[in-house]
Amino acid sequence: MNIPAQQNSDAIINGHPVSDEIIRCEKLTKRYRDGNILAVDQLDMTVHHGEIFGLLGPNGAGKTTTVGMLTTLVVPTSGQAIVAGIDVVTHPALVKQVIGVVAQTNNLDRALTVWENLYYHGRFFGMSARESREAADRLLVEFRLTERARAEVMAISGGMAKRLQVARALLHSPSVLFLDEPTAGLDPQSRLALWEILRKLHSEGQTILLTTHYMEEADAICDRLAIMDHGHILAVNTPKGLKESVGADSIVTISATGNLDALSKLLLERIEGATRSQRVDSIIKLHIKGTTGVLPKVVSVAEQGGFNITDLSVTEPTLETVFINLTGKELRD
Amino acid sequence: MKTITVTPGAQSPRAIRSASSASRVAFGALLLRDLTVLKKGLGIFIARTLVQPFLLVFVFLYVFPQIGQGIGGGGGPVAESSFATVLVAGVVALSIMFQGIQAVALPLANEFGYTKEIEDRVLAPLPVSLVAIGKVVAGSIQGLISALIVFPIASIVHAHGVHPNLSVHWAVLLTLIPLTCIMTSALGLFLGTRISPRNIGLMFGFIVLPITFLGGTYYPWTTLAAIKIGGFSWLQALVCVNPLIYVTEGFRAALTTAPHMQLYVVYPVLIALCALFLWAGIKGFNNRVLS
């Protein structure tokens, strides 16, 4: 899944070549009225056809606000956003025809059953009674919800509710599917099940934009990622490209007692292949390139310097590393 | 009809519908959804509609005459019948009023507050304002049904010898009912968008109760002229801020020959209230949904 989105070179419609872009934001900005907070600041972003694009960042980074603007529920303060060729600000009602939205919270219609949630959604989007009925039945099968078709939506599990939300968002065949923190609050099994669903949709060519603060999720299912913090996009690339941008083969994580800044400096000077050393709160992240078997050396250098190492581990660079590199802080708070 | 070809998602390219066509269809589907929900809860809806008018009529027009409790400024079947006449109009008005609040404000307060379940309807392909108007239309339909249910009770349930003196003015009745239904549903929209779910209790205490007791349900507005301080009929003037007073007085005109507020006051004020509450309600709805 680490390959960039395929270029849709064959996307010719009505004899006209169609741009590969399906979402384009230019200087998209949102300043909330209350508190004067700049939630999203001059965001430029492009999403291509058929890719799973992820917005990765901590809570408050502006991911949900960005999705809110693209899905018409948040009115941008300035800038422009085009979704499937339609301007979000000037034609919100038209944009709603071509997007499917899965909110972070369970916003299923509690007055309706599982099946009715799908059926009436289809009717909202202009499907005939028969079309909508058939689509609802089909999606219940695809999402393994048929047995609960007549259940009240409050009676189904969190994982099922999320699947139903995804099914509902897909019912009218949207050009772009938006998911805001799709697996937040789900148990591990439901999370894997949802990833499978998203991968399957991806293989069928569905364009998907999701937000997440789980780097494993971003790594596992996204073709491309934008790393966000404080309303800005700090980097956009494939997960692989982002990890390669760190410029290290392995990351040594060191917990120790004493002056960690001094230890950090010492390690960078003395360890062969060390490209960067960074203290993040109470640990040190030492970036190593082109060398293996570095752990014993780290221990001896630290001991010679009078430091007492309490914990030591070595990993490949992760998106966490990328985030720390870009922001100087950990993704998890 | 203008069509825009969009680039395809998973499927083959498809043309999107014009905004007006999509909006029309979506609006109809929203109503269909609301009516389905109404049909599901029809038993509760009817019971809820009946309980208040039934209690009012039962206590005032059946129990009171039976136990000899004086009403209508005196005693005896004549006074009781004249009070029954007053009450029938009041009860029908009150029922529609309550319906507007219960059918629109309460569900909306919840859908906005905790569950955000309004979101899927807001994301239907129509302007957000039309979603709000759809709520008012669905609420009005419920108000209409409750008027039909309540009217027979109000005119039938009473003690032996007590007879409301009814005389239906159809032109007034048939224009007043829809106008009232829209006005009260729009009020419900306004309240539902302004009040958080945890303040619903407050809404009943400080808005619904005063509206009920100072809305002319139990007395004609014209008789309030007798309550004066220094020659000024203060209560009669004060209750004019209450939307219900125009409704009860309108129904008094529609259903009885008793004295009532002039219709040339009732209609313009009701129309103005419709416009005011619709405007404020739609504005509130947009504010709650869009940020």
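**Entry 1: helix α2 of chain B**

I began with the buried residues of α2(B), which are B:Phe45, B:Thr49, B:Pro53, B:Leu56, B:Val57, B:Phe60, B:Leu61 and B:Pro65. For burial I used C-beta atoms placed from the backbone, and a residue is buried if 20 or more other C-beta atoms lie within 10 Å of its own, exposed if 12 or fewer, and partly exposed in between. Helices (H or I, at least four residues) and strands (E, at least two) are DSSP runs, numbered from the N terminus.

This is a predicted model, in which local features need pLDDT of at least 70 and side-chain atom pairs count only at pLDDT 80 or more, while totals for chains, interfaces and linings use all residues. Residues are numbered from 1 along each chain as its sequence is written, and chains are lettered from A and ligands numbered from 1 in the order in which they are written.

I then looked up the span of α2(B), residues 42–67: its 26 residues reach 35 Å from the first C-alpha to the last, close to the 38 Å expected at 1.5 Å a residue, where the expected span is 1.5 Å times one less than the number of residues. The helix has a kink of about 30°, centred on B:Phe58, the bend at a residue being the angle between axes fitted to the seven residues ending there and the seven starting there. Just after α2(B), I noted that B:Gly68 takes a positive phi of about 75°.

**Entry 2: chain B as a whole, and B:Leu273**

For chain B I find 10 helices and two strands, and from the N terminus on the elements run β-β-α-α-α-α-α-α-α-α-α-α. The C-alpha atoms fill a box of roughly 80 × 45 × 40 Å along the principal axes, and 46% of the 291 residues are buried.

Leaving aside neighbours within four places in sequence, B:Leu273 is in contact with B:Met183 and B:Pro243. I also looked up B:Thr180, which is 93 residues away from B:Leu273 along the chain, and the two C-alpha atoms are separated by 9.7 Å.

**Entry 3: where the chains touch**

How many residues does each chain give to the contact? Chain B gives 35 residues and chain A gives 41. On the side of chain B that touches chain A, the elements giving two or more residues are β1 (4–5), α1 (19–40) and α4 (119–122) of chain B, and α1(B) gives the most, with 10 residues. By class, I find 21 nonpolar, seven polar and seven charged residues on that side of chain B, with Ala, Val, Leu, Ile, Met, Phe, Trp, Tyr, Cys and Pro counted as nonpolar, Asp, Glu, Lys and Arg as charged, and the others, Gly among them, as polar.

**Entry 4: chain A and strand β10**

Chain A has 11 helices and 16 strands, and its C-alpha trace spans about 80 × 45 × 45 Å along the principal axes. Of its 333 residues, 46% are buried.

I looked next at β10(A), residues 207–212, where six of the six residues are buried. Both faces are covered, with A:Thr207, A:Leu209 and A:Thr211 on one side and A:Ile208, A:Leu210 and A:Thr212 on the other. Which strands pair with β10(A)? Counting two strands as paired if DSSP finds at least two bridges between them, I find β5 (residues 52–56) of chain A paired with β10(A) in the parallel sense over five bridges, with A:Phe53 opposite A:Leu209. Strand β9 (residues 176–180) of chain A also pairs with β10(A) in the parallel sense over five bridges, and there A:Asp180 stands opposite A:Thr211.

**Entry 5: α11 and A:Thr257**

In helix α11 (residues 319–327) of chain A, the buried residues include A:Leu319, A:Val322 and A:Phe323; among the elements covering the buried residues of α11(A) are β5, β11 (224–229) and β13 of chain A. The helix is followed by A:Gly328, whose phi is positive, near 75°.

A:Thr257 lies in β13 (residues 250–257) of chain A, and counts as exposed because it has 12 C-beta neighbours inside 10 Å. Not counting residues up to four places away in sequence, A:Thr257 touches A:Phe307, A:Asn308 and A:Thr310.

Technical notes
Two residues are in contact if their C-beta atoms, placed from the backbone, lie within 7 Å.
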